[in-house]
2 protein chains.
Amino acid sequence: MGYPSKATTAAWVALLRAHRLLFGQVEADLKAAGFPPLAWYDALLELRRAPAGLRAVDLEEHMLLAQYSISRLVERLERAGYLERRPDPRDGRGRILVLTEAGGELLAAMWPVYAASIRKHLGSALTKKDAEALAELLNKLLHHGGEQG
Amino acid sequence: MGYPSKATTAAWVALLRAHRLLFGQVEADLKAAGFPPLAWYDALLELRRAPAGLRAVDLEEHMLLAQYSISRLVERLERAGYLERRPDPRDGRGRILVLTEAGGELLAAMWPVYAASIRKHLGSALTKKDAEALAELLNKLLHHGGEQG
DNA sequence: TTGTCGTCAATGCAGTTGCATGTAACACTC
DNA sequence: GAGTGTTACATGCAACTGCATTGACGACAA
């Protein structure tokens, strides 16, 4: 087990710090506008991409969250009226999660605020080339990590 | 308020996902080895860098955490014996946080596991050049964001 | 059809967080 | 040195999280 290079460690520390800072800022912007947290947006967005609905287990995969986190997030979203939880006719264990109209409206209402926040905190710090390079590097991590390397 | 470019949005989404994946993996590695969470390591590391001790408020700044988060993190670290909380002779409100011997030993014990995890999940996915580029881009975000841009 | 095992989801409980507020001490003015 | 405001840290409470377990169903073999 060798040690990571200085460069690797620096990248890791920067990832932790940048995420903590930016995530906090974006969440604060959403909250200041009276909106629920980012996770709600993410979940509803996934549902909008799947008009026929998604099973909880699929949502779990997309969001990289633990099973019980999804279960409770879905519970809150349902209570708030942003999604419906239907029995899965194909599998008695599963639930089909479907975006409601109110959920779609929430997405539409949140996006301008969310977008402005992304632009403010990231967009204004990076050139287009920077942003592309950053996305590519992070995606390398994701694809590698997905395979447990 | 314009909207962020596609590239900016892609970078943001990748940041969220990469962080969630890698952070989860590294925390899991630490836990599997019987160690406390990353935040404990970070806090103790900051203290080791300041042999004369740090005030809680300084730790707050370094770690980008909310005041009450620090307060409770410090409480747990003290209960576990990894730091001491001394009155500040200069300021009756403040506390000076000092790493104990046990705290130093914990850092030493955790590092090999932590380092191996960083290497495994990041190091093996990126070339040296990649890692350097990633760190630089993320640090751009940090410095920009620190100024609330 | 019964038994065994794997999968999908929910939940009790203990620990943790966020928010709002509380307490104490410093700083500055008059 | 009393009044006003600010800073450092702690904490009650409600909400949230992680862990372990449960419950319900499906799949597959004998």
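Q: Two residues are in contact if their C-beta atoms, placed from the backbone, lie within 7 Å. How many residues of chain A are in contact with chain B?

A: The contact involves 47 residues of chain A and 48 residues of chain B. This is a predicted model, in which local features need pLDDT of at least 70 and side-chain atom pairs count only at pLDDT 80 or more, while totals for chains, interfaces and linings use all residues. Residues are numbered from 1 along each chain as its sequence is written, and chains are lettered from A and ligands numbered from 1 in the order in which they are written.

Q: Which elements of chain A give two or more residues to the side that touches chain B?

A: Helices (H or I, at least four residues) and strands (E, at least two) are DSSP runs, numbered from the N terminus. Here the elements concerned are α1 (6-32), α5 (101-123) and α6 (128-146) of chain A. The residues on this side of chain A comprise 27 nonpolar, 13 polar and seven charged; Ala, Val, Leu, Ile, Met, Phe, Trp, Tyr, Cys and Pro count as nonpolar, Asp, Glu, Lys and Arg as charged, and the others, Gly among them, as polar.

Q: Is T8(A) buried or exposed?

A: A residue is buried if 20 or more other C-beta atoms lie within 10 Å of its own, exposed if 12 or fewer, and partly exposed in between, with C-beta atoms placed from the backbone. T8(A) is buried because 25 other C-beta atoms lie within 10 Å. T8(A) belongs to helix α1 of chain A. Leaving aside residues up to four places away in sequence, T8(A) touches I118(B), R119(B), L122(B), G123(B), L126(B) and A131(B). In chain A as a whole, 29% of the 149 residues are buried.

Q: Which residues touch the most other members of the largest nonpolar core?

A: In soluble globular proteins, nonpolar side chains tend to be buried together. A nonpolar core is a set of buried Ala, Val, Leu, Ile, Met, Phe, Trp, Tyr and Cys residues joined through C-beta atoms within 7 Å. The largest one has 38 residues, of which A11(A) and A11(B) touch the most other members. Two or more residues of this core come from each of α1, α5 and α6 of chain A, and from each of α1 (6-32), α5 (101-123) and α6 (128-146) of chain B. Not counting residues up to four places away in sequence, A11(A) touches L122(B), L126(B), A131(B), L134(B) and A135(B).

Q: What is the order of the strands in the sheet of chain A?

A: Two strands pair if DSSP finds at least two bridges between them. The open sheet has three strands in the order β1-β3-β2, with antiparallel pairing. Its edge strands, each pairing on one side only, are β1 (54-55) and β2 (83-87) of chain A. Five antiparallel bridges join β2(A) to strand β3 (residues 95-99) of chain A.

Q: Which residues come nearest to DNA strand C?

A: A residue is near a molecule or strand if its C-beta atom, placed from the backbone, lies within 6 Å of it. Of the 20 residues around DNA strand C, the nearest are A56(A), V57(A), Y68(A), G94(A) and G92(B). Helix α4(A) gives the most to this surface, with five residues. The surface near DNA strand C divides into six nonpolar, five polar and nine charged residues.

Q: Which element gives the most to the surface near DNA strand D?

A: That element is α4(B), with five residues. Of the 20 residues around DNA strand D, those that come nearest are G92(A), A56(B), V57(B), Y68(B) and G94(B).
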